[in-house]
Amino acid sequence: MSNPLDTVIALHKRGRSVGITSICSAHPLVLQAAMVQAREDGDLVLIEATSNQVDQDGGYTGMRPADFRDLVHEAADRAGLPRERVVLGGDHLGPNRWRSLPAEEAMARVDVLVAAYVEAGFTKIHLDCSYPCADDQTPLSDEVMAARAARMLAVAEKTAAAMGRAGQLRYVIGTEVPVPGGAEETIEELRPTTADSARRTLDRHRIAFAEQGLDHVWPQVMALVVQPGVEFDHLRVVDYDRERSKELQQILDDEPTMVFEAHSTDYQTVPRLVALVEDHWAVLKVGPGLTFALREALFALAAIETELVPEPDRSRLPEVVEQRMLAEPGHWAKYYTGAAAEQRLARRYSYSDRMRYYWPDPEIQAAERRLLGNLAERPIPLPLLSQYLPDQYQRVRAGALDNHPIELVLDRVRDVLRGYRRAASPAEGRRVA
């Protein structure tokens with residue numbers, strides 16, 4: 001059985017510099033922007049939920065896999081994008097959420113997690129067992145990580161077969177997996193995965209799959225996660241340097257169905273994204289970079305609001321976000337260190353964008369709705385739009401964009417997505433070696 005992603009992988013393996021952007025966000029406006037972009041480009045859209053966002057108990061978004069699926073499909077319907085052009089992925093599925101538990105107890109929960117994702121219609125599954133559990137010896141051996149990934153694979157395949165969808169799932173493996181959402185501390189040095197380490201990961205997983213009687217599933221492994229040498233922390237972006245990964249780039253030449261998957265590509269420049277795709281990182285994951293752009297647009301609109309709306313009627317969105325982050329510091333306090341002024345700056349503007357965890361907060365959602373409602377009722381003067389959203393101003397002037405607050409926000413998020421499309425679009429694919 002085929003999967004819509006197979007065409008992208010096949011084109012890449014035939015020498016075209018093509019790939020796909022993996023959008024890792026649960027914010028409705030980010031999802032809406034992604035759907036509009038895919039509809040206009042005529043592309044597939046790959047939307048992924050991470051295991052801390054969405055799990056069988058609700059994750060930090062309060063959503064289970066079926067809830068996230070429904071949210072994504074509703075966004076597609078609103079944008080006029082056929083659902084068959086939407087691919088759902090589960091990112092970092094594994095014991096990450098339950099690292100404080102003994103391994104067997106954690107993996108029992110992982111079994112439920114994987115089954116829930118497959119039952120909800122997710123067809124791209126990242127088998128990430130790189131996190132040690134409470135009773136593990138560290139560092140984890142390749143054999144342990146691969147065995148746990150094979151256990152997850154067995155659950156996924158059994159669930160798919162029971163649903164009449166055998167052969168439809170595609171898998172991602174890898175043991176040198178970047179931290180979800182960017183580095184948790186200041187980056188001092190970042191080394192790409194070595195070719196020998198990547199080969200060892202492939203070998204150990206192939207053996208573990210065979211031990212589960214699942215060696216026939218190996219062609220369904222579509223991607224290997226390795227570290228190409230890209231990352232970001234709170235204030236710094238480490239740009240891709242292809243010279244540092246020359247040997248690594250060749251190790252999948254004998255794997256006819258497999259490409260690399262690059263995590264933490266947020267904030268890479270378009271030429272660097274192009275280089276990644278040319279060097280066989282055909283899946284480019286982006287998450288915080290999208291909500292970073294969303295925050296830029298919403299805070300710009302809040303600045304416009306202060307010029308147009310009487311003070312008692314304003315949303316005060318930036319102030320509400322700050323209040324809620326201070327009241328519930330669990331998602332940022334251990335990451336943003338330093339003096340109070342440094343912490344405040346990081347809460348608002350950090351590349352790691354811990355603010356993204358707070359958008360589901362009811363008070364913040366209410367302020368966001370009020371902001372958008374206030375500006376929908378009042379035409380935004382073009383000089384104000386030029387001051388705070390100059391790119392969107394140019395498109396409004398050209399007649400390519402409506403001067404409406406939601407359209408302005410969507411377009412700012414799409415600025416990020418346009419860069420990824422230029423790097424990975426099948427329609428614009430370049431020949432590669």
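Visitor: How many of the 21 residues of α8 are buried?

Guide: This is a predicted model, in which local features need pLDDT of at least 70 and side-chain atom pairs count only at pLDDT 80 or more, while totals for chains, interfaces and linings use all residues. Residues are numbered from 1 along each chain as its sequence is written, and side-chain values use heavy atoms, with hydrogens and water left out. Helices (H or I, at least four residues) and strands (E, at least two) are DSSP runs numbered from the N terminus, and buried means under 20% relative accessible area, exposed over 50% and partly exposed in between, with a 1.4 Å probe and protein chains only. Helix α8 is largely enclosed by the rest of the structure, because its buried residues number 16 of the 21.

Visitor: What distance does α8 reach from its first C-alpha to its last?

Guide: The expected span of a helix is 1.5 Å times one less than its number of residues. For the 21 residues of α8 the expected value is 30 Å, and the distance from first to last C-alpha is close to that, at 30 Å.

Visitor: Are α8 and α11 parallel or oblique to each other?

Guide: The axes, which are lines fitted to C-alpha atoms, for helices over the stretch in contact, with angles from 0 to 180 degrees between N-to-C directions, come within 10 Å for α8 (residues 288–308) and α11 (residues 362–376) and cross at roughly 55 degrees. Angles under 35 degrees count as roughly parallel, over 145 as roughly antiparallel, 65 to 115 as roughly perpendicular and the rest as oblique. The relation of α8 to α11 is therefore oblique.

Visitor: How many nonpolar residues does the contact of α8 with α11 have?

Guide: Ala, Val, Leu, Ile, Met, Phe, Trp, Tyr, Cys and Pro count as nonpolar, Asp, Glu, Lys and Arg as charged, and the others, Gly among them, as polar. On that basis the contact of α8 with α11 has two charged residues, one polar residue and, as the number asked for, eight nonpolar.

Visitor: Is α13 parallel or perpendicular to α14?

Guide: The axes of α13 (residues 390–397) and α14 (residues 405–424) come within 10 Å, and they cross at roughly 105 degrees. The orientation of α13 to α14 is therefore roughly perpendicular.

Visitor: How many charged residues are in the contact of α13 with α14?

Guide: Asp-391, Gln-392, Arg-395 and Val-396 of α13 make this contact with Leu-408, Asp-411, Arg-412, Asp-415 and Arg-418 of α14. By class, the residues of the contact of α13 with α14 are two nonpolar, one polar and, for the class in question, six charged.

Visitor: Which elements are included in what covers the buried residues of α3?

Guide: The buried residues of α3 are Pro-65, Phe-68, Leu-71, Val-72, His-73, Ala-75, Ala-76 and Ala-79. What covers them includes α2 (28–41), β3 (45–50), β4 (86–93) and α4 (103–119).

Visitor: What phi does Ser-264 have?

Guide: Most residues other than glycine have a negative phi, and most peptide bonds are trans. Ser-264 lies in the loop between β10 (259–262) and α7 (270–278) and counts as buried at 6% relative accessibility. Although Ser-264 is not a glycine, its phi is positive, at about 60 degrees.

Visitor: Which residue is joined to Pro-139 by a cis peptide bond?

Guide: Pro-139 is found in the loop between β5 (124–127) and α5 (142–162). The cis bond, with omega of about 0 degrees, joins Pro-139 to Thr-138.

Visitor: What separation do the C-alpha atoms of Arg-354 and His-234 have?

Guide: Arg-354 is placed in the loop between α10 (340–349) and α11, and it is buried, with a relative accessible area of 7%. Leaving aside neighbours within four places in sequence, Arg-354 is in contact with Met-325, His-331, Trp-332, Tyr-335 and Tyr-336. Arg-354 and His-234 are 120 residues apart along the chain, and their C-alpha atoms are separated by 9.4 Å.

Conventions: Contact means heavy atoms within 4.5 Å.
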